[in-house]
Structure formats: structure tokens, C-alpha cells
Amino acid sequence: MRLLVLGGSGQLGTQLRRFTLPLGILLFAPPRAAIDLRDPTAIQRLIEAQRRSVVINAAGYTNVDRAESEEDVAFAINAGAAACLAEETGKRGIPVIYISTDYVFDGGKGAPYAEQDFAAPLNAYGRSKIAGELRVSAANPRHVILRAHGSIALMGRTLFEQFCGLPKSENASPLLTTNLVVQLRRGIWQKHAWI
Ligand SMILES: NC(=O)c1ccc[n+]([C@@H]2O[C@H](COP(=O)([O-])OP(=O)(O)OC[C@H]3O[C@@H](n4cnc5c(N)ncnc54)[C@H](OP(=O)(O)O)[C@@H]3O)[C@@H](O)[C@H]2O)c1
């Protein structure tokens with residue numbers, strides 16, 4: 001299996017790259033310098049050239065607070081680029097995995113959320129991610145949307161420093177990114193035929 005990971009330099013992408021891969025799995029994670037997702041032609045060329053079995057879109061505009069003043073930029077990456085990637089993979093029958101967020105919900109349910117619950121984002125980041133979800137699901141029938149809760153990884157900073165760096169709106173306990181990667185890997189390695 002040949003995996004393509006976009007956003008390989010990010011928190012999630014780095015953890016994905018660090019994990020030992022089972023035999024027969026090849027992972028390619030080009031840096032942003034090689035592929036700027038704001039360029040649709042570059043996305044098309046990459047997908048055409050790479051011919052991967054699964055594409056994981058771990059790239060994103062992730063600054064929740066700054067997105068309030070840069071909603072257009074957040075939408076360009078989280079919805080526009082994600083849609084373009086989904087279209088290019090969809091045309092070639094390649095499954096795409098889009099990492100979304102619990103920020104698509106308003107948190108008012110008072111109980112755990114289910115997949116089909118009504119999305120009602122309260123901020124620009126959440127709006128850009130639900131727009132990405134909708135566009136990805138429309139563009140590629142072979143998609144998985146994984147809504148993750150806030151996660152942190154040990155990338156040169158202590159856990160305490162990372163807690164302190166969480167967005168102001170974050171008031172729950174974050175996951176460790178490695179736990180998310182374990183679940184993601186399990187899904188891809190063992191169940192990718194479902195996609
Ligand atoms: N971490 C969480 O708590 C969490 C929770 C729920 C969902 N998610 C979602 O999971 C995904 C990964 O999150 P993360 O925490 O790993 O984010 P991150 O650390 O901010 O990494 C984002 C990645 O996206 C890349 N990127 C941004 N704009 C790009 C562009 N125009 N072209 C190419 N690459 C670009 C960044 O490249 P540079 O390094 O070059 O900037 C980086 O590799 C995101 O979609 C995020 O919304 C994250």
C-alpha cells in the first residue's frame with residue numbers, strides 16, 4: 001500500500017511519519033515547499049504523479065483564534081484545498097481521509113455527540129472544517145471524515161507548555177496525538193477495504 005500524507009510537518013503528520021510502518025506500506029509526505037495546497041494545479045500534478053492507494057489530508061489551517069480574523073484563509077485551506085484534493089483523488093478512485101474536528105459542534109448537546117448530530121460551529125475554524133467535510137464528501141465517494149478532539153504531541157515542548165498553548169476556547173482535556181495516530185493506523189491498515 002502506498003500512502004500519501006499531506007501536512008506531514010504538522011503535529012499529526014509528524015506522528016504519522018514517526019510510527020514504524022508495517023511491511024509493504026510505503027509512506028510519502030512531501031513538505032509544503034514541494035506542494036502548496038493553495039495551488040490546485042500542484043494538487044492535480046501530485047495526485048496524478050504519485051498514484052497512491054490512500055491519501056491522508058493531515059494539512060490544515062489550525063490556528064483557531066487567528067481564524068476569526070482570517071476566515072477566508074482558513075476556508076481556502078480547510079475547505080477549498082481539501083475539496084480540490086478530494087476531487088483529484090475521487091477522479092482516480094483513490095480514498096481520501098479528511099481530519100476534522102469537534103469544533104463543528106456547538107457543545108450544547110449535554111451528551112456525547114454522534115456522527116449524524118446537527119453541526120453548528122461557533123467559530124470560523126469550525127465553519128471552515130464543516131465546509132471542508134461537506135465538500136470532501138460531495139467530491140469523493142471514497143472518503144473518511146475523522147472528527148478528532150483537540151490533541152497535543154510532544155514536539156520539542158513539554159505537555160505543560162502545550163496545555164498552556166491551547167486555544168483560549170479549548171476547555172476540555174486534549175488527547176495525545178499518538179493515540180489518534182494509533183486509531184488512524186488501525187483503520188487504514190486493517191480496514192482500508194471499507195473506504
Ligand atoms: N491537533 C488537533 O488538536 C486537531 C484536532 C482536530 C482536528 N485536527 C485537524 O487535523 C489536521 C492536522 O492537525 P495538526 O494539529 O497536525 O495541525 P498543524 O500541526 O497545524 O499542521 C498543519 C499542517 O498543514 C500544513 N499546511 C498548512 N497550510 C498548508 C498549505 N497551504 N499547503 C501545504 N501544507 C499546508 C502545515 O505545513 P507547515 O508546517 O509548512 O505550516 C502543517 O504540516 C488539521 O486538518 C486539523 O484541523 C487537529
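Visitor: How many residues does helix α4 have, and how far does α4 reach from its first C-alpha to its last?

Guide: Bear in mind throughout that this is a predicted model. Helix α4, residues 124–139, has 16 residues and reaches 22 Å from its first C-alpha to its last, which is close to the 22 Å expected at 1.5 Å a residue.

Visitor: Turning to the strands, which way do the residues of β3 point, and are they buried or exposed?

Guide: In a regular strand the side chains alternate between the two faces of the sheet. In β3, residues 54–57, Val54 and Ile56 point one way while Val55 and Asn57 point the other way, and all of them are buried.

Visitor: In what sense does β3 pair with strand β1, and in what sense with strand β4?

Guide: Strand β1, residues 2–6, pairs with β3 in the parallel sense over 4 bridges, and there leucine 6 stands opposite asparagine 57 of β3. The pairing of β3 with β4, residues 96–101, is also in the parallel sense, over 3 bridges, with isoleucine 56 standing opposite isoleucine 97 in β4.

Visitor: Which helix makes a β-α-β unit with β3 and β4, and what is the hand of that unit?

Guide: Helix α3, residues 71–91, makes the unit together with β3 and β4, and the unit is right-handed.

Visitor: How many residues surround the ligand, and which are the closest?

Guide: The ligand is surrounded by 21 residues, of which Gly7, Gly10, Leu12, Ala59 and Gly60 are the closest. By class, this shell has 8 nonpolar, 10 polar and 3 charged residues. Both α1, covering 11–18, and β4 supply at least two residues of the shell, and α1 gives the most, with 3 residues.

Visitor: How many helices and strands does the chain have, and in what order do the elements run?

Guide: The chain has 6 helices and 7 strands, and from the N terminus on its elements run β-α-β-α-β-α-β-α-β-β-α-β-α.

Visitor: What percentage of the residues in the chain is buried, and what percentage of the contacts between residues at least 6 apart in sequence joins residues at least 24 apart?

Guide: Of the 195 residues in the chain, 37% are buried. Among contacts between residues at least 6 apart in sequence, 72% join residues at least 24 apart.

Terms used:
Residues are numbered from 1 along each chain as its sequence is written. This is a predicted model: local features need pLDDT of at least 70, side-chain atom pairs count only at pLDDT 80 or more; totals for chains, interfaces and linings use all residues. A residue is buried if 20 or more other C-beta atoms lie within 10 Å of its own, exposed if 12 or fewer, and partly exposed in between; C-beta atoms are placed from the backbone. Two strands pair if DSSP finds at least two bridges between them. A crossover is right-handed if, with the strands pointing away from the viewer, the path from the first strand over the helix to the second runs clockwise. A residue is near a molecule or strand if its C-beta atom, placed from the backbone, lies within 6 Å of it. Ala, Val, Leu, Ile, Met, Phe, Trp, Tyr, Cys and Pro count as nonpolar, Asp, Glu, Lys and Arg as charged, and the others, Gly among them, as polar. The expected span of a helix is 1.5 Å times one less than its number of residues. Two residues are in contact if their C-beta atoms, placed from the backbone, lie within 7 Å.
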